[in-house]
Amino acid sequence: MRPFTIHEGVACPLPLTGVDTDQLIPARFMKRSRAEGYGGYLLHDLRFDETGAPRPGFPLDAPQRAGASILVTRRNFGAGSSREAAVYALVDFGVRCVVAPSFGDIFAQNAVNNGLLPARVSEADAERLIAALLAGETRARVDLETCRVALGALDVAFAIDPVWRARLLNGWEDVDLTLSRAAEIAAFVAADRTRRPWAIPQRP
Amino acid sequence: MIAEPRTLFDKVWDAHVVAAREDGLDLIWIDRHFVHEGSFHAFDKLAARGAALARPDLTFGVEDHYVPTRTRALDRIDPAIRRMMEQLRANTQRHGVRLFDIDDPAQGIVHVVGPEQGLTLPGLSIVCGDSHTATHGAFGALAFGIGASDVAHVLETQTLWQKRPKRLRMTIDGALAPGVSAKDVALAVIAALGSDGAAGHAIEFAGSTVRALSMEGRLTLCNLAIEAGARCGMIAPDETTFAFLRGRPCAPRGADFDRACDDWRALAGDDGAVFDREARLDAAAIAPIVTWGVNPEDALPIDATTPDPDRVADPARAAHVRAALDYMGLTPGQRLQDIRIDRVFIGSCTNARIEDLRAAAAVLQGRRAVVPGLVSPGSGAVKRQAEAEGLDRVFRDAGLDWVGAGCSMCVGMNGDLLAPGERCASTTNRNFRGRQGPGSRTHLMSPAMAAAAAVTGRLTDLRALKRERG
């Protein structure tokens with residue numbers, strides 16, 4: 001996994017509450033292989049009308065937001081369906097960090113599993129950042145070492161679970177770590193068989 | 001030394017800790033892993049690592065998200081949808097996993113099938129690449145949804161690294177008024193907590209109202225815990241739980257079952273166990289609820305009017321209300337009962353169990369629906385039971401379509417979709433923009449309320465309809 005330390009790039013405001021994972025990628029695109037890339041489906045039905053034409057005024061498609069890699073949005077981003085495709089759409093589009101007051105739990109876990117930083121800020125700071133972007137700011141700098149977002153004259157703190165922070169900073173993959181615990185897993189399974197004999201499903 | 005009193009959640013969690021890391025992450029053993037058509041990303045990851053599936057005997061496949069409901073003949077459906085099912089069949093076959101495919105009489109929605117088959121039991125840890133896995137917590141299981149990377153991790157190791165969530169007890173006491181169901185309780189919980197109010201928490205539902213709920217009702221309540229942002233919902237197992245499970249195909253049998261019940265009784269929280277948060281609801285104050293907006297927290301009693309964004313103090317909330325009303329084609333201050341609908345859908349992992357179908361049929365008995373609608377039972381077993389009771393006739397006679405089991409129009413992956421702009425009274429779990437198809441407008445409600453809406457063609461107070469019949 002690609003480590004995240006400091007990222008500087010184009011920031012885009014998304015002044016919406018509760019952008020759920022059904023918005024991040026509508027279900028009908030999820031039959032496709034990841035190899036095809038999911039970036040084109042990001043926020044598809046908010047960005048494009050029924051004919052596929054861009055909806056005028058959608059922030060992500062404004063010329064000054066071209067190549068956006070940081071999104072700043074309102075509370076409860078990524079709520080809903082556990083579809084990791086929502087994170088794939090963001091990552092494949094080029095997004096490396098989403099700044100919001102709160103995130104759906106499963107989304108945030110999926111994000112970290114894919115090297116995407118879910119940076120939690122206060123609602124007041126989210127509004128200040130969005131206002132600055134709407135007033136014309138375009139670039140932001142996200143520092144995971146210091147847990148701060150800098151944007152124009154603003155420099156605000158963000159929160160992230162320390163375990164997630166360490167994983168992102170180091171680009172650690174979980175599964176190799178787990179496989180190194182094989183002996184502990186085997187010991188658990190052996191003890192569990194007598195402790196909870198009912199936990200094994202019966203054959204019908 | 002006297003042990004600290006523990007909650008239900010703590011007892012189940014502690015029983016699954018394989019290893020605890022200093023930074024607070026626990027390696028959790030997984031007792032049941034359900035996979036479905038959408039799990040192909042995870043199987044692809046497993047293949048890319050050249051790894052084997054750790055425990056095929058604890059992994060179960062279910063075809064639900066993409067299955068056609070109007071035909072079982074796969075050569076007659078969209079090839080892209082058929083491919084989703086074929087991928088699951090190939091992946092489960094390759095790894096020796098039992099698959100409930102559409103030709104299996106037990107097939108249905110994974111969160112209906114697990115409990116029906118006795119695969120879901122108290123005290124188990126259960127995961128699935130589906131957020132509504134919280135449903136299984138109704139049995140006192142630790143059950144939560146995960147994304148594809150974590151699905152791949154479970155496939156390869158049968159474990160997951162998890163941070164212990166905080167504990168929230170939602171106590172609901174009192175008797176529910178006539179016409180008020182578990183769905184209304186769940187929507188009241190979401191409205192009270194907010195759609196991210198329980199983020200980072202495991203909710204335990206407690207109190208006399210919860211104890212009085214059937215397993216079907218408890219499953220509905222825990223199913224919707226995720227819509228309040230919770231990691232999972234749980235209810236302590238009791239005699240209602242055991243009565244449901246006794247004799248289920250994959251549950252322990254005979255004396256083993258009785259011994260298991262003794263263990264399961266001990267899972268209930270100890271007196272004096274401490275929760276990180278406490279919340280309460282008065283059951284008697286809950287009315288039939290419908291959603292008006294684009295998030296389950298946008299919910300109000302049926303006799304209310306839509307909110308006015310100009311009277312919402314918080315600017316972000318006001319912007320949400322304005323955009324939601326606009327998307328839903330509604331105006332501020334509109335009576336909910338004046339909202340006309342185009343279609344009804346009765347189904348989904350939230351409300352497609354036998355009790356749900358009985359409640360809807362009781363309203364539709366002897367009446368005609370004035371709008372088209374779809375009734376999709378949660379499983380083959382529910383379908384057969386409903387047909388044995390003649391419920392299918394009630395739905396058909398009312399003019400609704402009685403179809404096969406699957407996720408169907410809750411998420412529309414199988415092609416059961418609303419047309420753009422269409423408005424649906426739906427027993428599902430999410431009224432998100434476009435959830436039931438691009439431009440679709442969803443109002444969430446209970447099965448009885450959806451049936452009432454079918455009869456009048458608008459959002460309807462079921463209680464008034466009942467009075468009318470006398």
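Two exercises with worked solutions follow on a predicted model. Residues are numbered from 1 along each chain as its sequence is written, and chains are lettered from A in the order in which they are written. Local features need pLDDT of at least 70, side-chain atom pairs count only at pLDDT 80 or more, and side-chain values use heavy atoms, without hydrogens and water.

**Exercise 1.** Determine the strand order of the open sheet in chain B and state which strands stand at its edges.

*Solution.* Step 1: strands are DSSP runs (E, at least two residues), numbered from the N terminus, and two of them pair if DSSP finds at least two bridges between them. Step 2: the 5 strands of chain B run in the order β5-β4-β3-β6-β7, with parallel pairing. Step 3: β5 (98-100) and β7 (142-145) of chain B each have a single partner strand, so they stand at the edges. Step 4: β6 (residues 125-128) of chain B pairs with β7(B) over 4 bridges; here B:Val127 stands opposite B:Phe144.

**Exercise 2.** Classify the ring pair of A:Phe103 and A:Phe107, and decide whether these residues are buried or exposed.

*Solution.* Step 1: rings of Phe, Tyr and Trp (its six-membered ring) pair if their centres lie within 6.5 Å; planes under 30 degrees apart count as stacked, over 60 as edge-to-face and the rest as tilted. Step 2: the centres of the two rings lie 6.3 Å apart and the planes meet at 15°, so the pair is stacked. Step 3: buried means under 20% relative accessible area, exposed over 50%, partly exposed in between (1.4 Å probe, protein chains only). Step 4: A:Phe103, at 7%, is buried, and A:Phe107, at 3%, is buried.
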